[in-house]
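This report describes selected helices and aromatic contacts. The sequence and structure are shown first.

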Amino acid sequence: MGLIDMSNLDRDAARELIERNIRQFGYHVYIVAGGPLPRVVYTIGLSDRIGAELLLAGGVFYTADDARRIIERVQHQLHAGGRPSKVDVDGLGAFTLQAVHGSWRDGLLLGAVDYYRGRTVEVLQITPDEKHVTSDVPNAAREWNPQVEPVWQWLKAAWPFAVPSTATATTNLEALQGRRVTEVVRWGEDEWEMFSGAGPDVPEDAVRVVPLGSLLAADSSLLPVLDLEVGRGLWRDERDGPWNRWERKGTGGVD
């Protein structure tokens with residue numbers, strides 16, 4: 001079963017699709033993406049089979065197809081009996097499971113909340129191991145707190161910037177795993193590149209497109225990139241130091 005983008009469906013059509021997938025596959029996988037928050041993937045329909053729904057919040061290390069495989073493996077393991085503290089998924093790592101606080105459930109799993117119509121269901125967060133975890137993976141066992149989980153502040157906070165909240169940044173896994181962003185270029189009104197290290201040296205399989213808001217929330221020192229004109233860039237040292245303009249001689253553009 002593939003991931004479904006429900007954003008273009010009205011409420012009745014969405015419910016019909018959810019119910020059809022539950023009848024056919026035993027559960028429905030819901031994906032939410034496209035705004036300032038990281039991607040959210042969760043299930044609807046597993047509560048009656050295994051006693052809980054599953055949530056993969058953030059986790060941009062993994063593609064959408066990876067997320068499908070992870071959820072499929074975890075639900076299969078749970079359906080087989082018991083509640084293991086760790087589930088291995090071939091080629092994708094090991095994942096721990098923990099109960100999700102109600103504030104995250106009610107904030108992120110809106111489709112499930114609507115589907116169950118007031119019935120409170122348990123949710124288990126699927127958390128990647130240390131090798132695969134990225135800055136967009138929250139600890140959803142704790143009550144939602146924007147100071148503790150700044151990347152998820154846009155769940156309730158108003159978008160304060162002049163650029164669109166749907167703006168994106170092409171970046172690399174090293175940046176998403178905490179390494180300092182050193183190169184930035186603005187290619188459009190709502191499109192940036194932000195790499196840790198030299199952009200041309202980043203392997204294709206390490207490139208990810210994420211909400212600009214995720215990077216800004218994780219590292220406030222990136223805020224000057226909002227003032228860049230289209231076609232302009234900045235660079236800085238990997239360890240410390242200020243931003244510097246990156247321009248090609250004679251053109252004023254990015255080299």
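## Aromatic pairs

Rings of Phe, Tyr and Trp (its six-membered ring) are paired if their centres lie within 6.5 Å; planes under 30 degrees apart count as stacked, over 60 as edge-to-face and the rest as tilted. By this criterion the structure holds eight aromatic pairs. The model is predicted: local features need pLDDT of at least 70, side-chain atom pairs count only at pLDDT 80 or more, and totals for chains, interfaces and linings use all residues. Residues are numbered from 1 along each chain as its sequence is written, and side-chain values use heavy atoms, with hydrogens and water left out.

One of these pairs joins Tyr-30 and Tyr-42, whose ring centres are 5.1 Å apart with planes at 10 degrees, so the pair is stacked. Tyr-30 belongs to strand β2 (residues 28–32) and Tyr-42 to strand β3 (residues 40–44), twelve residues apart, and the pair thus links distant parts of the chain. Strands (E, at least two residues) and helices (H or I, at least four) are DSSP runs, numbered from the N terminus. Both tyrosines, Tyr-30 and Tyr-42, are buried, where buried means under 20% relative accessible area, exposed over 50%, and partly exposed in between (1.4 Å probe, protein chains only).

The rings of Tyr-115 and Tyr-116 also have centres 5.1 Å apart, but their planes stand at 85 degrees, so this pair is edge-to-face. Tyr-115 is buried at a relative accessible area of 17%, and Tyr-116 is buried at 8%.

## Aromatic cluster and charge

Phe-61, Tyr-62 and Phe-95 form one aromatic cluster. The charged end of Arg-208 sits over the ring of Phe-61, 6.0 Å from its centre; the criterion is NZ of Lys or CZ of Arg within 6 Å of the ring centre and within 35 degrees of the ring normal.

## Helix α1

Helix α1 (residues 11–25) has 15 residues and spans 21 Å from first to last C-alpha, close to the 21 Å expected at 1.5 Å a residue. The expected span is 1.5 Å times one less than the number of residues.

Its buried residues are Ala-14, Leu-17, Ile-18, Asn-21 and Ile-22. They cover an arc of only 135 degrees around the axis, which puts them on the same side of α1; the arc is taken from the directions from the helix axis to the C-beta atoms. Asp-12, Glu-16, Arg-23 and Gln-24 are exposed on the face turned away from the buried side of α1.

## Helix α3

The buried residues of α3 (residues 64–79) are Asp-66, Ala-67, Ile-70, Ile-71, Val-74, Gln-75 and Leu-78. Viewed down the axis of α3, they fall within an arc of 155 degrees, so they line one face of the helix.
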